[in-house]
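Please look at the structure first.

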Amino acid sequence: MTVYQATASAPVNIACIKYWGKRDTKLILPTNSSLSVTLDQDHLRSTTTSRADPSFKHDRLWLNGKEEEIKEGGRLSTCIAELRRLRREVEKEEGTPKISEYPVHIASYNNFPTAAGLASSASGFAALVASLAALYELPATPSELSLIARQGSGSACRSLFGGFVAWEMGSKDDGSDSFAVEVAPRSHWPNLHALICVVSDDKKGTSSTSGMQRTVETSTLLQHRIKVVVPERMRAISEAIKARDFPTFARLTMADSNSFHAVALDTEPPIFYMNDVSRAIIALIVEYNRASVAAGGSIKAAYTFDAGPNAVIYAPEENIKEIVQIIISYFPQAQPFNDVFGLFGGEQPKGAVPSGFNEAVSKKFEPGAVKGFIHTRVGDGPRVLGAEEALLNAEGLPK
Ligand code: DP6
């Protein structure tokens, strides 16, 4: 008997121009376009296996081995229903098995700990859509699939592509023109690296979904951001990416992170995602850039922060070693540095700052304030994997 099953993985993406605000909360239509860098799945990914089988009783989903409810009318069930609808189109072709009628079992796994505070909804929904699209053998383009991933989590639509990705906000009420497009592939600028600084966080933060809705309802600053600030930045950053102009890319990325956190603060009641550690990392990157420019060089790194205190630092590969050394000088590490690119030749990094760097820009923190680093780089889009990577066993339950 044929087993109808497929496994796919999908990447994490971190926005340079932030999505913050919905004009339609059900269809997940944004109040502004956004742009992100897709990170390398060799380091951070979600993997999902989907199987359709007539013996299954109903649709079921497991996340990291734990069963999650698929709520009727919820985001998961919307994505599954949309992919089934596309499968039914395929089944109009004579002789195509009617597997859209079978219930599905879906198992998903993130290779990074949820405790790291990295958003997994983007890679998770992108992997779900990619695996069901493979299972159903859909003739859909990544942009078409992004329309579905968008309805799982807005930022997920950008994880359907590798490289540099824009989510065009669109203007139609049905959302049919609100999808992701590739600005440039990973191969266009492969030496753009990312250093994620995992910041310890014991407070329960405001979720993106509820936070951005409060911003839409109460912030006057958001109106200026969506009408004036973002449209110009989308244009400028796309050009900077096409020209591989790192200083311009960096300036726009930092400015837009600041703008997003400003509208969070302008929300009633105010939302604070960054903490003292986040702000100290900003001070270090600002000083690193200032010292470089003062010495006749150019901007060497860009920080950006999502809806939490973790910093993501974008920089050309050749600067990452120096950046790790700077951050370690202020944030002593309790855990060894996972040196996947071999920057330190087998040794553990030691704190150091470049000449001309004003060491007084931040105090030194206790070990553990920055819990660790993930060093990665721009990566590719979803991958369809072989049967040996499947997360479901012979019975269709998680392995
Ligand atoms: C700050 O995509 O998680 O990371 O659409 O409600 O699921 P929902 O929100 P989500 O929001 C991401 C917000 C952000 C910025 C970004 O990724 O563009």
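The ligand has 18 residues around it, and Tyr-19, Lys-22, Ser-153, Ser-155 and Thr-209 come nearest. A residue counts as near if one of its heavy atoms lies within 4 Å of the molecule. This is a predicted model: local features need pLDDT of at least 70, side-chain atom pairs count only at pLDDT 80 or more, and totals for chains, interfaces and linings use all residues. Residues are numbered from 1 along each chain as its sequence is written, and side-chain values use heavy atoms, with hydrogens and water left out.

| Side chain | Distance to a ligand oxygen atom |
|---|---|
| Ser-153 | 2.7 Å |
| Ser-155 | 2.7 Å |
| Arg-158 | 2.8 Å |

Taken alone, the ligand exposes 460 Å², and the protein buries 94% of that. Areas follow the Shrake-Rupley method with a 1.4 Å probe.

The shell holds seven nonpolar, six polar and five charged residues. Helix α4 (residues 208–218) gives the largest share, three residues. Domain 1 (4–187 + 384–389) and domain 2 (192–377) both contribute to the shell, so the ligand lies between them. The domain bounds come from an automatic or database assignment.

What is the count of disulfides? It is zero, where a disulfide is a pair of cysteine sulfur atoms within 2.5 Å. For Cys-16, the nearest cysteine sulfur is that of Cys-157, 15 Å away. The sulfur of Cys-157 is 11 Å from the closest cysteine sulfur, in Cys-79, too far for a bond. Cys-16 is buried (under 20% relative accessible area), at 0%. Cys-157 is also buried at 0%.

Methods
Buried means under 20% relative accessible area, exposed over 50%, partly exposed in between (1.4 Å probe, protein chains only). A polar contact is a pair of N or O atoms within 3.5 Å; within protein, one must be able to donate a hydrogen and the other to accept it, and residues adjacent in sequence count only if both atoms are side-chain atoms. Helices (H or I, at least four residues) and strands (E, at least two) are DSSP runs, numbered from the N terminus. Ala, Val, Leu, Ile, Met, Phe, Trp, Tyr, Cys and Pro count as nonpolar, Asp, Glu, Lys and Arg as charged, and the others, Gly among them, as polar.
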